[in-house]
Amino acid sequence: MKKTIPLIVTFITGVIMTVEYFSPHPLVQHPKAAIEKWGISVMSAMIVLGTLNILIVNLPRIVRKERDWMYKAIMVAAMIATAGLGFYEQGKFDDKGSFSNWMFTHLLVPLQSTMFALLAFYITSAAFRAFRARSVEATLLLAAAIIVMLGRVPIGELLSAKLTGGALNLPDLVSWINDVPNLAGKRAIMVGAALGAISTGIRVILGMERSYLAG
Amino acid sequence: MMETMGAWVGVGLTVFILSFLYKDNPFYKLAEHIYLGVSAGYWLVVVFHTNILPELIMPLRESGGDPGKLAMALTPIALSLLMFATLFKKIAWLATIPIAFVIGAFAGAQIIGFASSDLIIQIQSSMQPLWASGQTTWREAINNWIGFAGLICCLLFFFFSREHKGALGAASRVGMYFLMISFGASFGYTVMGRISLAIGRAQELYDYHYATLVFTVLVVAGVFLTGRLRKPPAESAEMKQP
Amino acid sequence: MKKQLETAGVLLFLAAGVILSAKPGKPVGGETGQAEGPARAAAEARPVSMRPAEVLGAADRWNDSGDALRLFVRQSGDPEKQALGVLVSEGGGSGWKPAAAQVVVHRDPSGKSTGSLLPETAGEIKDQITHTLTAQIPPDKRGVSMRLRAVTRNIASNGLMNIAALALTPDGRVAVGIELSRDGKAGLIPDAFRLDASTADGPTPLPIAAHLVFQDKDKAVKALEEEKISGLAGDVVLVSLQAVPGGDKPFMLRAGFLAASAQARDEIAVSGPSLPVAAEAAWFNGLRLNVALLLAAVAGLIFWFMWQAKRSANLYVRRIPGIDAIEEAIGRATEMGRPVLYVPGILDMTNIQTISSMLILGKVAEMVAEYDSDIVAPNMIPFVREVAADVVKQAYYNAGRPDAFKPESVPYLSQEQFAFTAGVNGIMLRDKPAANIYLGGFYAESLILSETGFQAKAIQVAGTAEVTQLPFFIAACDYTLIGEELFAASAYMSKDPRMLSTLKAADWAKMLFIGLIVIGSVSLSLGMPQFSQFFEIAAMK
């Protein structure tokens, strides 16, 4: 029973959500809408369990004074403070002047964009490494990347025209790479991924994949 | 007052995070844990007020005793509560019911999502005239041939039930090349965007008159990262300035 | 020698690119297709006789070059017919030329109705009805069953337009809508025609609960500003639906035109009301027959090969190095006495990549448990954490070591993308996993994670179907599962013939697609576009 009930549930919801696309009938659309709504509600409610998990995982570490326990304590304190004051403000997290909004503007936003900005450094180091790998594949990847990068800045266009006497227009080459080989590659990935996704979906609905069914 | 304090906090944390480019250090650890704690708390508040309250709790209040509405409101609450069974060993298996519900539903939805967008659209738009006639020029026709051959080779690259030897091996190799050009182009397109992001961040630091210090930190970190990737970085005192 | 030959071939190919790109013709393929302006639309549209007096409601929109688009709901010669259409005027608004199809709903007094459409090639509205669609009103419902599809080319900058209308009354649920393609080939505004109008009594405009449907201009403009409408300039949206006074649930509709460009956000043109329409539900949406057939073919192949696998266990699947590398990485981590890091991506369970990642996590955790090693699987989505914890627990149980499972090995970090990233970075640097496995849906954090892992000298295996992130994984990881390989992994690792048979089925499906593309391309070359047109999609999800 522990396995059968979930398997039946998966099958029913899966089939309804698949058939729904082809049938506009209310007898199909109403259950579909309900399933979708319920599914999303359940998923968002899990943030409560998630927050509990943070406490369950970290509190014992703090109590036992394990490695980095002070940082964990700061983290848990920051979480409780932010959540506590946020709930105290009763959902006014978007209002200017509220504590939650202050936290968002002065902590979360700068931290987020700084993490994002790290990418500029990492992308350089990744490119640098690709440069040193001497295989046909790496060369192709890097050549395409360099052409595209150069083709998107004015100096690249100027240089290519000057050096080749107008025979080569870099932006044109970039759009050719984009429209012909890049498109072919992307299409194949999308078609392949779609096939993989469909067959994974079918395996899940049929109950062949059941590693998520703990007993 | 609050604004100034905010600016100080923002710039301080920014520098702490950037120090990670050099190596893991107490400042990064502090910023990381503050970030984790604050964002976990913040999102709990936001999700509670934007999802849990209006989607789960309000419908129950508004059902007004109508059995149909009550059932509609109670089902997601019951499913959510079942998830909490994981906290209790004896009934933990009950949580698999909502999990099965969600996984089944979205596996089904994604079958359709992929079939009706990626799959059919890509197949349809891959059908292109292969020789020059009417509105198609020879140049377009040749490009169509290249795209067509590239697509087929790339698809053969994903062939699983046969060993990649002989003709299939050659084709899948060509497919690999197409994929690499594709990845390279995508890489090239992203680089510019990422760099402008970093410039934007630096601009903000500059606005708060931390320019010299922060740029020094940025440059030192950049040099270390690109030039000495594999070497274990040594301890450095000046990096620890906030 | 072989390597030089290959390099030479690649160079030759790039040289060909230079030549072919020198004077680019139209970009190949729909994805990058150039938008065509209303001016061109007008040039290609054939005139249809249209007297202003017949226009019941109309609304105009002008673009920068003075071209105007007029949307109208109109009545044709027959008062029981009505049409929704578009007129285009070039440079200044004089001399309207119709560029749109007319959707005609015909109702006769006995209650029988027909819906029809006129493509732009049609002449007189009255006489040249090219498609007649099924429609019937049961006397007690007084509804019209409409499933209309008008195809028009070049209405606005985004090319082809489809109009689909569907209205349901029996249970008070009403849906009327207009779908538009974005690129001239396919891809329509999803769910444009789903709205709930369960309080559909009385003459007041109905509250309409679909994100693309608005009661009045102000609300539509507001939604535009909030970017709830992602329509392009020229997209048609349903603006309001109004119950006919005293009627038994028939409706009038108003349509609107979007000017969704950044400069002209407040430009939305709204038509006058249409004649009453009502409808009943259909069981099958015939516009989606092509998707149904394609899906049936894929599913059929999968079932066929599964059945085959049951009869004979003889099934060959080639080695997939990236997947084999997962096992090697776990083995190495075990030898080094360090944990395995498994990141299931940052997408919700609504994405099949995450579902697939959970299936693979089961296999990975089982291996880890068998080797008596440790796993850390941090999560960004709380629900995914619950599933992951369940999967890992079950895997330990399957490996016969249920007591070795530690709940803290599957932590929830934060629902914020980069906080999560910072947290995973911390795990990499402090717990020092020897194997990092990233499988699932990733966005910008892909490179931060994989570069940090690279610098921490872990063996890294990644896999995603996100085309934009694959290059970064390829640059920074030892092995990368590309697209389909990610989805194949759980079947491949299971070694179960029935699961493996689905991979074989996918291969045959690829052969089928190649065949379809060949037939489509050849028939297009021969001037027969019907085959390829069959695969044009009428609605996108």
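Which side chains of chain B and chain C meet in a salt bridge? In this predicted model, the partners are B:Glu32 and C:Arg430, with 2.8 Å from N to O. The count of salt bridges between these two chains is 1. On the side of chain C that touches chain B, helix α12 (residues 497–525) of chain C gives the largest share, 15 residues. By class, this side of chain C holds 48 nonpolar, 21 polar and 19 charged residues. In total, 88 residues of chain C and 75 residues of chain B take part in the contact. Together the two chains bury about 7,400 Å². Carbon and sulfur atoms carry 70% of that area.

Chain B also touches chain A. Here 110 residues of chain A are in contact with 108 residues of chain B. The area buried between chain A and chain B is about 10,300 Å², with 82% on carbon and sulfur atoms. Within chain A, the residues that lose the most area to chain B are A:Trp38, A:Tyr71 and A:Phe121. These residues together account for 7% of what that side buries.

The interface of chain A and chain B has 2 salt bridges. In one salt bridge, the side chain of B:Arg173 meets that of A:Glu137 at 3.7 Å, N to O. Several helices of chain A each supply at least two residues to the side facing chain B, including α1 (4–19), α2 (26–63) and α7 (170–205). The largest share of this side, 28 residues, comes from α4(A). By class, the side of chain A that touches chain B has 76 nonpolar, 23 polar and 11 charged residues.

Chain C itself contains 13 helices and 17 strands. Of its 541 residues, 59% are buried. Among contacts in chain C with a separation of 6 or more, 58% link residues 24 or more positions apart. The accessible surface of chain C is about 20,400 Å², and 55% of this surface belongs to carbon and sulfur atoms.

C:Ser356 lies in helix α6 (residues 352–371) of chain C. C:Ser356 counts as buried because its relative accessibility is 0%. Apart from neighbours within four places in sequence, C:Ser356 is in contact with C:Leu486, C:Phe487 and A:Thr200.

Conventions: Residues are numbered from 1 along each chain as its sequence is written. Chains are lettered from A and ligands numbered from 1 in the order in which they are written. This is a predicted model: local features need pLDDT of at least 70, side-chain atom pairs count only at pLDDT 80 or more; totals for chains, interfaces and linings use all residues. Side-chain values use heavy atoms; hydrogens and water are left out. Contact means heavy atoms within 4.5 Å. Buried area is the accessible area (1.4 Å probe) that two parts lose on being put together, summed over both. A salt bridge is a side-chain nitrogen of Lys or Arg within 4 Å of a carboxyl oxygen of Asp or Glu. Helices (H or I, at least four residues) and strands (E, at least two) are DSSP runs, numbered from the N terminus. Ala, Val, Leu, Ile, Met, Phe, Trp, Tyr, Cys and Pro count as nonpolar, Asp, Glu, Lys and Arg as charged, and the others, Gly among them, as polar. Buried means under 20% relative accessible area, exposed over 50%, partly exposed in between (1.4 Å probe, protein chains only). Accessible areas come from the Shrake-Rupley method with a 1.4 Å probe; for residues, only the protein chains shown count as cover.
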